[in-house]
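Could you walk me through this protein in plain words? I would like a short briefing that I can read with the structure open beside me.

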Amino acid sequence: MDAHGSSFANLRSYLAALAQTPSRLARRAGSFSTSYEEMSRIRARSGCDMQRTLRWFDLVGLGIGGMVGAGVFVTTGRASHLYAGPAIVISYAIAGLCALLSAFCYTEFAVHMPVAGGAFSYLRITFGEFAAFLTGANLIMEYVMSNAAVARGFTSYLGAAIGISTAKWRFTIPGLPKGFNEIDLVAAAVVLLLTLIICYSTRQSSMVNMILTALHILFIAFVIQIGFWKGDWRNFTRPGNPEHPSGFFPFGAPGVFHGAATVYLSYIGYDAVSTMAEEVRNPVKDIPIGVAGSVIIVTVLYCLMAASMSMLLPYDMIDEEAPFSAAFRGRSDGWEWVSNVIGVGASFGILTSLLVAMLGQARYLCVIGRSSVVPTWFARVHPTTSTPVNASAFLGIFTAAIAVFTDLNVLLNLVSIGTLFVFYMVANAVIYRRYVVVGTTKPWPTLSFLCLFSFTCIMFTLLWHFAPPGNHKVLILGACIVIAVAILQIFHCMVPQARTPEFWGVPLMPWIPSISIFLNIFLLGALDGPSYVRFGFFSALAVLVYILYSVHASYDAEGDGSFGTKDGEIHKEFAEPEDPNQKV
């Protein structure tokens, strides 16, 4: 086999490698690593180790800081005004349930395999390299786009806090397309400043996050109290314009679910906590509390804040870009100062969400670099700071560049679809891993179940959104539910679990991951067509990168002995780590 890096030694070598692409795809696309490899040889490719300095309260703080701010302070206004109306409260509850079920799936993997790779590593040990790469590419896209969106939201709230309009922070370039022509240098500066902080130290980043999150919680309590005190309960059912739809559900159930899919951006954050697993002192105890606890707390906060906002203004009068501060702007009853206070609090929240998300995105790219499907330069951990400096700096600069040009509305749906896709894949992976052990059990019963169940969920979603209303629609939807439950029950009764988690596992297997699969597919169906076009384009670009670069770099790394080969030929699934410090 060729030496490591030989595919890229020169143009002739690269062209020869391209000629072998089909055989290399056959060998590498379905190859997978084991949890032993991920925690030993692959992890060692970073050089230095990340220090284990985080406890459960750090993870809860990081989870709250990562989620609160990105959702309520950026997406709530748009989702309520355009899609859900006052039922935005229900939208947040649905999105929170979906996130909690997905959080259980993440937690099982993170406890079993406490490495920094998150969903990329989880899929690499179950569905193989190509599925992991496609998911990893969407994860990086998800974080970069969401961070850019939130950074632009920071500009709006900072302007509200100091009384300067957003238009004065940005300037327009006429020659650029609409949605990409408003230049925001402040958003880019914030991203670059936080990049310097996360490059310096994870522990210090956590301390900064805890301080900012504590201040942010105080502002959240203030917003909730003001909303319930100064708001009007009639705004839950009465629009500002009598010609607009009225009631708690002005746009019906489809609007609620469309709103849930839109605000799902707000739950990006808990999965970033799972990427910190390599730096947690006691993963078995700390990760379940940190991940699930933060999702539950944040869901309650979101619902209360959405309710308070709905009480302050009728849904059709809510500002799409800065809903909370705009609710008090221009009031003549002496409460206009609240707009500035909310702007300060939102700014704290947006800073914490950016900080945590940027911590997570760097660790994703670091572990993807360990697998050689992107340059291993990204995998390096700095010996002094014990942080992935290369990955952090690269993604920080990339995020800042996106934040300079791209409008918030262009980013939000693209981020939601990427998030839902990744959560869907992880839910499938946790079922597959429980029921399949390579070389011991046959994978086809489990794969058949996952395909049939997903197909049924897709049919239900399509019928829900496109079938004409009437009794026939109700009957067909009911039949889909019965079929899905029957498929699930047959699988549960006929296919035994191949492994039992040693430390922590998703309860009620396979019901909870299956519900997560359904909810993620259903929420995906609520997004608009252009979102799928952009998602398809980005996924196609990721496939192209895999074919032109990643599969060849991975093939060279296999020949160099950097990690195992196809179908687990080198390492057995249950091999124990040699280093006691690498055990959970």
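Here is a friendly tour, from the whole chain down to single residues.

This is a predicted model, where local features need pLDDT of at least 70, side-chain atom pairs count only at pLDDT 80 or more, and totals for chains, interfaces and linings use all residues. Residues are numbered from 1 along each chain as its sequence is written, and side-chain values use heavy atoms, with hydrogens and water left out.

**The whole protein**

- The protein has 23 helices and 2 strands; these are DSSP runs, numbered from the N terminus (helices are H or I, at least four residues; strands are E, at least two).
- Of its 584 residues, 59% count as buried, where buried means under 20% relative accessible area, exposed over 50%, and partly exposed in between (1.4 Å probe, protein chains only).
- The accessible surface is about 22100 Å², and carbon and sulfur atoms own 69% of that area; such areas come from the Shrake-Rupley method with a 1.4 Å probe, and for residues only the protein chains shown count as cover.
- Among contacts with a separation of 6 or more, 84% link residues 24 or more positions apart; a contact means heavy atoms within 4.5 Å.

**The nonpolar core**

- The largest nonpolar core has 167 residues, and Tyr106, Tyr270, Ile431 and Leu523 touch the most other members.
- Such a core is a set of buried Ala, Val, Leu, Ile, Met, Phe, Trp, Tyr and Cys residues joined through side-chain atoms within 4.5 Å.
- Leaving aside neighbours within four places in sequence, Tyr270 has contacts that include Met67, Tyr106, Val295 and Phe423.

**Two buried polar residues**

- Thr107 is found in helix H7 (residues 88-112), and Thr107 is buried because its relative accessible area is 0%.
- A polar atom of the Thr107 side chain lies 2.7 Å from the backbone oxygen of Ala103; a polar contact is a pair of N or O atoms within 3.5 Å, where, within protein, one must be able to donate a hydrogen and the other to accept it, and residues adjacent in sequence count only if both atoms are side-chain atoms.
- Not counting residues up to four places away in sequence, Thr107 touches Ile287, Pro288, Val291 and Trp504.
- Ser308 belongs to helix H15 (residues 283-312) and is also buried, because its relative accessibility is 0%.
- The side chain of Ser308 has a polar atom 2.8 Å from the backbone oxygen of Met305.
- Val89 is 219 residues from Ser308 along the chain, yet their C-alpha atoms are separated by 9.6 Å.

**Two helices to look at**

- Helix H6 (residues 76-84) is mostly covered, with 7 of its 9 residues buried; Gly85 follows H6 and has a positive phi, near 70°.
- Helix H18 (residues 389-405) has 17 residues and should span 24 Å at 1.5 Å a residue; its end C-alpha atoms are 25 Å apart, which agrees. The expected span is 1.5 Å times one less than the number of residues.

- A cis peptide bond joins Met509 and Pro510, with omega about 5°, and Pro510 is in the loop between helix H21 (471-494) and helix H22 (511-524).
- Leu508 lies in the loop between H21 and H22, has a positive phi near 55°, and counts as exposed because its relative accessibility is 61%.
- Ser372, in the loop between helix H17 (337-370) and H18, has a positive phi near 75° and is buried because its relative accessible area is 4%.
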